[in-house]
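Here's a quick briefing to read alongside the chain. Have the sequence and the 3D view open, and click along as the topics come up.

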Amino acid sequence: MFVTTADPILEPPIITVNTVLSLLAVDYPANKLACYVSDDGCSPLTFYALVEASKFAKLWVPFCKKYNIQVRAPFRYFSGPPSSSSPDVSSEFRQEWKKMKVIWENTEAQTKGLPHLVYISREKRPKHPHHFKAGAMNVLSRVSGVMTNAPFMLNVDCDMYANNPQIVLQAMCVLLGVNNESDAAFVQYPQRFYGALKDDPFGNQFVVLIHVRKLSGEDLQKEFGNSKVFTKLAAQILSGLNEKTSSPHDFLSSIEAAYHVAGCGYEYGTSWGTKVGWIYGSATEDVLTGLTIHGKGWKTVYCSPDPPAFLGFAPSGGPASLTQQKRWATGLLEILFSSRSPFIATIFGKLQFRQCLAYMWILVWALRSIPELCYAALPAYCIITNSHFMPQVQEPAIFIPIALFIIYNLYTLSEYLQIGLSVHEWWNNQRMLRIISMTARLFGVLSVILKLLGLSETMFEVTQKDQTTTTDDSNANAGRFTFDGSSIFVPGTTILLINMIALAIGLLGFLPAARDGNGSGIGEFICSVWVVLCFWAFLKGLFGKGKYGIPSSTICKSGALALLFVHFCKWTSRI
Ligand SMILES: O=c1ccn([C@@H]2O[C@H](COP(=O)(O)OP(=O)(O)O[C@H]3O[C@H](CO)[C@@H](O)[C@H](O)[C@H]3O)[C@@H](O)[C@H]2O)c(=O)[nH]1
Ligand SMILES: [Mn+2]
């Protein structure tokens, strides 16, 4: 079981501790489980928290198993009243529950058989690219290979605790039960959130992957690097002899080999990150690795059990949500322009055409920012220059855009209503999509252009995970959009300002004379109002204070750009 963490401030160690405890307590023979935590932040705090967690686990794991507790992440479990899925909830249980809660709040310990818990902070050096999470996952694969060498791997982010203790058994049943077992690569669970805000004001949805991967290759040394222990194990796996390789007593003696394979120079000249393990070259290494696996013809399974398998933390607030979306947009576009794009995998590999279409749908997300930006500026341009892009009301052609608008919105709304979501949630997600497109995804395109020009490398910016965000509905600010000084907010603010200027010019009657007698009409006004409605959060931000307000430097930059746009409109209407 692999958990990655990277930054003790953005990812407070208590979050990782809860995820680790929930994994250590899953329903599976404890002596056959090992949990590896990769700490890219090399934080003494995370290390100390995990040492304390391993002490607490000695009480927690038997307690969960004895009373068949459903939610085995302590912070979630203790946030409610005592509960157990055993039918006989006795007074003994209540006593133990209280004791456990006191210990959780103060932590102390005793001993019993437990899964291994291994902390790894891989070696990093300035001149060696570390490949962010993909690099961390490859180190975990190798270290676990030389230490416990289990045939199955489970990968979660540090904030995704196991919400269902049966999940490992379920995933194995799925993998071992599919039609052609040897073709199955991984089972994937959709990501769900705990404490998600009502009506999803930030429109965050993402998927967690459980990778259970089989390795393939010819020249082992070249493929896997020169660790003798690891290469031997890889050879055994490939020849189907891996059952007897792991035994707990040689666990500690494998530490030296673990050091070797976790070194930053280990991968040099090998196939790690290109043919073997998690694939490098994209900030969304999960999609790139999945695509590569699919491109080789492996089958995968998508599983969405109830209760959800894992629950994670959905970023809240403007900056965290947009940073995450920007990374995804960047990573996905990187894949599109790489040699691993789905087109190539379909033509030269074994990716099916429909899989190719599905991948393409997400890989082009970032590119949509450009037409969206143009369309959001178009009504403002038309109003300012008193021209039009919509048919006039009396022309029958007006029904075409009206029909498109109505059909699109009714269709997307029906998708929400059908699964029991609210109209409010639909609207929140619609407006967030417009905001994300014109801010985060636009920046994604820019960062990929810079990368393709060789001017800068793309980064993996870790999402802020904090527990202080409240889900309390009485807290009016819970779903409120927040801002910071990042330039990511400039394009959105500019779009809002130019549409507001256009509406003001139109409503106050300062329109120039129309050229062909056919100036802008109701169509352009409605479009402009729609854009302002989509950017309502930004409109409030113009007048908000503190983190709820757009910083004045951003407003100044956007104001200058908006004036430039108005000038541009005037100039084009003169020529
Ligand atoms: O240099 C790094 C950067 C990140 N991480 C870890 O990667 C995970 C995902 O990072 P997070 O900031 O939580 O990103 P999310 O957008 O929430 O993650 C989604 O998107 C990522 C790809 O962009 C995938 O790796 C994740 O599995 C997927 O949940 C976390 O556990 C981090 O600790 C590292 O280990 N090393
Ligand atoms: Mn995450």
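**Quick tour of the model**

N386 sits in the loop between α14 and α15 (399-418). Keep in mind that this is a predicted model.

**Two asparagines with positive phi**

- N386 has a phi near 50 degrees, which is positive even though the residue is something other than glycine.
- With a relative accessible area of 11%, N386 falls under the 20% cut-off, so it counts as buried.
- N149 is another non-glycine residue with a positive phi, about 50 degrees here.
- You'll find N149 in the loop between α5 and β4.
- N149 is buried too, at 6% relative accessibility.

**How α14 packs on α17**

- Helix α14 covers residues 369-385, and its axis comes within 8 Å of the axis of α17, with a crossing angle of roughly 25 degrees.
- That angle is under 35 degrees, so α14 and α17 count as roughly parallel.
- The handedness of this α14/α17 crossing is left-handed.
- On the α14 side, the contact is made by L373, A376, A377, P379, A380, I383 and I384.
- Facing them from α17 are I495, I498, N499, A502, L503, I505 and G506.
- Sorted by class, the contact of α14 with α17 has twelve nonpolar residues, two polar ones and no charged ones.

**How α17 meets α19**

- Helix α17 (residues 490-507) also has a partner in helix α19 (residues 536-543): their axes come within 10 Å and cross at roughly 90 degrees.
- By class, the contact of α17 with α19 has six nonpolar residues, two polar and no charged.

**Transmembrane annotation**

- An unreviewed UniProt entry annotates residues 396-413, 433-455, 488-510 and 522-539 as "transmembrane region".
- For residues 488-510, the figures are 78% helix and 0% strand, with the end C-alpha atoms 32 Å apart.

- The "binding site" annotation in the unreviewed UniProt entry covers K133 and D157.
- These positions are spread over 25 residues of sequence, yet they cluster in space, with a largest C-alpha distance of 9.5 Å.
- K133 belongs to helix α5 (residues 132-147).
- K133 has a relative accessible area of 15%, so it is buried.
- Leaving aside neighbours within four places in sequence, K133 is in contact with T4, N155, D157, E285 and F460.
- D157 belongs to strand β4 (residues 155-157).
- D157 has a relative accessibility of 25%, so it counts as partly exposed.
- Not counting residues up to four places away in sequence, D157 touches V3, T4, T19 and K133.

- S43 is placed in the loop between β2 (34-39) and α2 (44-66).
- At 4% relative accessibility, S43 counts as buried.
- S43 touches P8 and Y119, again not counting residues up to four places away in sequence.
- K32 is in the loop between α1 (13-24) and β2.
- Is K32 buried or exposed? K32 is exposed, with a relative accessible area of 60%.
- K32 and L511 are 479 residues apart along the chain, and their C-alpha atoms are separated by 75 Å.

Conventions: Residues are numbered from 1 along each chain as its sequence is written. Chains are lettered from A and ligands numbered from 1 in the order in which they are written. This is a predicted model: local features need pLDDT of at least 70, side-chain atom pairs count only at pLDDT 80 or more; totals for chains, interfaces and linings use all residues. Side-chain values use heavy atoms; hydrogens and water are left out. Axes are lines fitted to C-alpha atoms, for helices over the stretch in contact, and angles run from 0 to 180 degrees between N-to-C directions. Helices (H or I, at least four residues) and strands (E, at least two) are DSSP runs, numbered from the N terminus. Ala, Val, Leu, Ile, Met, Phe, Trp, Tyr, Cys and Pro count as nonpolar, Asp, Glu, Lys and Arg as charged, and the others, Gly among them, as polar. Angles under 35 degrees count as roughly parallel, over 145 as roughly antiparallel, 65 to 115 as roughly perpendicular and the rest as oblique. A crossing is left-handed if the near helix is turned anticlockwise from the far one by less than a right angle, and right-handed if clockwise. Contact means heavy atoms within 4.5 Å. UniProt positions are given in the numbering used here, feature names are shortened, and annotations may be inferred rather than shown by experiment. Buried means under 20% relative accessible area, exposed over 50%, partly exposed in between (1.4 Å probe, protein chains only).
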